[in-house]
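Colleague: I should like to understand this structure step by step. Would you show it to me and then take my questions in turn?

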Amino acid sequence: MVAKRPTERYFLVVRDNEVGRTTLVEFAGSSRDEAFEAYFAAERKYDAVEQSSEHADHEVVLIVADSREAVKRGYPQYFLEGDRAARQKQFIATVGDLAHA
């Protein structure tokens, strides 16, 4: 069994790529099982949505990190807004900023 760090948190990220919106839910380290249950429930929900709609485009990810800020820094692609072209420009700019940091 792997020991958890005291500041470890779980973050459920649900990205709706069609509208450019992200939902971020935080679970304390002691809520590991709850985080995994929420992740699997979201996967089932959005798999059903994907199958029933030709326009649905969702991503569901469970991330372990120390803070919300760490999630946003490490996974900027989930927190971009606007249409697809605007998000691509934002992502390229963010990656460039990280490369020079």
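Colleague: In which element is confidence lowest?

Modeller: Where pLDDT is low, the predicted coordinates should not be read in detail. Strand 1 has the highest confidence, at 94. The lowest confidence, at a mean of 70, belongs to helix 3.

Colleague: In what order do the elements of the chain run?

Modeller: The chain contains three helices and three strands. Read from the N terminus on, their order is β-β-α-β-α-α.

Colleague: What share of the residues in the chain is buried?

Modeller: A residue counts as buried when its relative accessible area is under 20%. The chain has 101 residues, and the buried share of them is 28%.

Colleague: What share of the accessible surface belongs to carbon and sulfur atoms?

Modeller: The accessible surface of the chain comes to about 6900 Å². Of this surface, the share of carbon and sulfur atoms is 51%.

Colleague: Among contacts with a separation of 6 or more, what share joins residues 24 or more positions apart?

Modeller: A contact here requires heavy atoms within 4.5 Å. Among the contacts in the chain with a separation of 6 or more, the share from residues 24 or more positions apart is 55%.

Colleague: Which residues are linked in a network of salt bridges?

Modeller: The structure holds three salt bridges. One of them is between D33 and R32, at 3.7 Å, N to O. D33 is exposed at 53% relative accessible area, and R32 is partly exposed at 40%. The residues that form a network are R9, E26 and R68.

Colleague: Is R15 buried or exposed?

Modeller: R15 is found in strand 1. Its relative accessibility is 1%, and the limit for a buried residue is under 20%, so R15 counts as buried.

Colleague: Which residue has its backbone oxygen 3.1 Å from a polar atom of the R15 side chain?

Modeller: The side chain of R15 makes a polar contact at 3.3 Å with the side chain of N17. N17 lies in the loop between strand 1 and strand 2, and it is buried at 11% relative accessibility. The backbone oxygen at 3.1 Å belongs to Y78.

Colleague: How far apart in space are R15 and D57, C-alpha to C-alpha?

Modeller: Along the sequence, R15 and D57 are 42 residues apart. In space, the separation of their C-alpha atoms is 8.2 Å.

Colleague: Which residues does V25 touch, not counting those up to four places away in sequence?

Modeller: V25 has its place in strand 2 and is partly exposed, at 33% relative accessibility. Its C-alpha atom is separated by 8.9 Å from that of A35, 10 residues away along the chain. With residues up to four places away in sequence left out, V25 touches Y10, F11 and L12.

Colleague: Which residues form a nonpolar patch on the surface?

Modeller: I92, which belongs to the patch, has its place in helix 3 (residues 84–99). At 61% relative accessibility, I92 is over the 50% limit and therefore counts as exposed. The patch has about 260 Å² of accessible area together, and its residues are F91, I92 and V95.

Key
Residues are numbered from 1 along each chain as its sequence is written. This is a predicted model: local features need pLDDT of at least 70, side-chain atom pairs count only at pLDDT 80 or more; totals for chains, interfaces and linings use all residues. Side-chain values use heavy atoms; hydrogens and water are left out. Helices (H or I, at least four residues) and strands (E, at least two) are DSSP runs, numbered from the N terminus. Buried means under 20% relative accessible area, exposed over 50%, partly exposed in between (1.4 Å probe, protein chains only). Accessible areas come from the Shrake-Rupley method with a 1.4 Å probe; for residues, only the protein chains shown count as cover. Patches are made of residues with over 30% relative accessible area and no salt bridge: like charges are joined within 9 Å, nonpolar side chains (Val, Leu, Ile, Met, Phe, Trp, Tyr) within 5 Å. A salt bridge is a side-chain nitrogen of Lys or Arg within 4 Å of a carboxyl oxygen of Asp or Glu. pLDDT is the predictor's confidence in each residue, from 0 to 100. A polar contact is a pair of N or O atoms within 3.5 Å; within protein, one must be able to donate a hydrogen and the other to accept it, and residues adjacent in sequence count only if both atoms are side-chain atoms.
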